[in-house]
Amino acid sequence: MWDMDDVDDVLEELASLPTMVHATASPDGDEVALYYDITGRNELHVLDVETGELGQWSDGEVPRNARWHVDWDEGGDRVYFHLDEAGDEQNDVYAVDRDGGVEPVVEMEGQTYVVDTAEDALLLGSNRDGQLNLFRHELGGETAKITDYERAVWAAVLSPEGDRVAYATNETDDFDNRDTYVADADGSNARVLDVGDLGAETSPVDWSPEGDRLLLADNSPDLGRIGVYDLESESVRWLGDGEYEETPEAFMPDGDRVVGTRTRDALTVPVVYDLKTGESREFDLPEGVAEFGMAGESVLGADRVLLTHTTPTTRPTLLAYDLRSDETETLLEPEYGPFEPDDFADAEYFTVTSDGVPGTRQAAVGHDPYEELEVGALLYDSGERPSPLVVNPHGGPRARDEMRFDLYTQVLAARGFSVLQVNYRGSTGRGREFVRALDEDWGGAEQGDVAAAAEHVLGEYDWLDGDRVAVFGGSYGGYSAYWQLVQYPDLYDAGVAWIGLTDLADQFENTMPHYRTELMEKYLGTPEEHPDLYEERSPVTHADNLAAPLLMVHGVNDRRVPVSQARIFRERLEELGYREGEDGDFEYRELGEEGHASSDQEQKLRMFRLLDDFLQRRVGTPRVAEADD
């Protein structure tokens, strides 16, 4: 499948495959703004939907890393973007116009981003004063704080007339709860909607065209569902039969239809509901992952919506979908460079039964069996025989792996490593209770699920080499990589922990405020409340269990998972007598001008080279060894 004669060429070609993200429809639906790095650098492009003409508006002014979304102004003449300092996510808001003119719009301390736009104002989310709250910026004027909650404020949307705002936060004693509020545009007269159960999460997604109804997401019955709330009658209508987890996206312009997505196994399928009949149908698309862009900003016209479609072997295609004819128009084809879809490794989806306690030795914390669950997983076959295995837990942890194109997976497969991804308990797509199985149990059953799935594939597929097993993950996946190595040292022969957590108390102290409350405290409580849990489930506490070569990689500008997390683990290993270096017990790299990962082509290539070099030296593949000979 791959020519190993020039390894760096393969890695460079993969890193330089152009990527488009954050496609956002203009207010009139005639254009689409998106980030696209077809020039080799991330730039703001605008696509004319009718002609297909793609124009570049920026010239180096937007961030190299395309993490944050873009937003049109109400007139459709400017696009707002978020500019930080070398990936630190302490964003200010800028605007670029059709002539390439760039100007700052809002500059504040902390992380600031556009939530929604009005004709004369921007609705912002910002942690300027500590916790994430809402601000209103009058264009050309002042910025005023309009909410002041102790818990983070999420999912805010302005009404069509711009006179009201809906948002989600939590004022109850149940830390898992989230309610929807409606207030005047200046934050006054806020009232909570009586929707959903206490302890469930309800959020606004879109206003109806007339401004008399709200499209809501809610998980009261366990699986996520779509609701339409009537503000006059103060009643809600829930859509669907509850068979699948569903997420709302937008009202259509007629107000009689809403679109959303449905999850089935590792697939994401768009759906449309007819509000007159209550009936739904799935979009007529091939199996894979089809998803919308920004909530409420995917509508192209009376009957058309904007979405992307991808599979494990096909890169994202930008599409316009007609709800009346079920016809699909391709707006932007993906680039493949020298490759074809058949060059990429496909994914096999399967489930494994896990009680959270694998067969291998638990070296750090001994757990009794948990509730037995069916856990979904994806296996990518590199074609190597025998094949080493890379176990690749996802981040989040509130996320999941799907049947989508994954560049890091394809890099590993290109170099001869088969890849296992596991949707452990705590992953999304399976409902509220499945997510909350991680409460007060990081480093517990979810890590057992990962190890149990690895044991399953090693026993099921004789072409996998059980003597060459590595673990690699980023963010919470980086925490998982650290934890897998210290909890199950007999299972792994090497590991790569990228931007991962090692000391939970330090993470609580130094992450951004909304991550402190909505991630750390929501899952684990505070270090003061649960000091023993914070210590026990920190990988650094069990660093002396490390028995396989470890590569630690961390961006110096990371504000989500500060670089102190990697430094603490390195210092502990040194205290324990572990040796650093290419022939030592661990290797360590800090990445300059980078924060919590990056989509920049040069920075991706840097990570690809680090990952490949380490795995080939420490684990290796027969095919690569033959090519070297």
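This report looks at charged side chains in the structure: their salt bridges and one surface patch.

The model is predicted. It holds 48 salt bridges. Three of them are set out below.

| Glu602 | Arg64 | 3.6 Å |

Start with Glu602 and Arg64, which form a salt bridge. The pair links distant parts of the chain, 538 residues apart. Glu602 sits in helix α10 (residues 601-618). Arg64 lies in the loop between β4 (54-56) and β5 (71-72). Glu602 is exposed, at 60% relative accessibility. Arg64 is partly exposed, at 27%. Both residues also belong to a network of salt bridges that includes Glu593 and Asp600.

Asp256 is in the loop between β21 (245-251) and β22 (257-264), and Lys276 is in the loop between β23 (267-274) and β24 (280-282), so the bridge ties together parts 20 residues apart in sequence. Asp256 is partly exposed, with a relative accessible area of 28%. Lys276 is exposed, at 66%.

Asp212 is partly exposed, at 34% relative accessible area. Arg213 counts as buried, at 16%, because buried means under 20%.

Now the patch. Glu12 belongs to helix α1 (residues 7-15). Its relative accessible area is 38%, so Glu12 is partly exposed.

Note on methods:
Residues numbered from 1 in each chain as written. Predicted model: local features only at pLDDT ≥ 70, side-chain atom pairs only at ≥ 80, totals over all residues. Heavy atoms only, no water. Helix = DSSP H or I, 4+ residues; strand = E, 2+ residues; numbered from the N terminus. Buried < 20%, exposed > 50% of the residue type's maximum accessible area, 1.4 Å probe, protein only. Salt bridge = Lys/Arg side-chain N within 4 Å of Asp/Glu carboxyl O.
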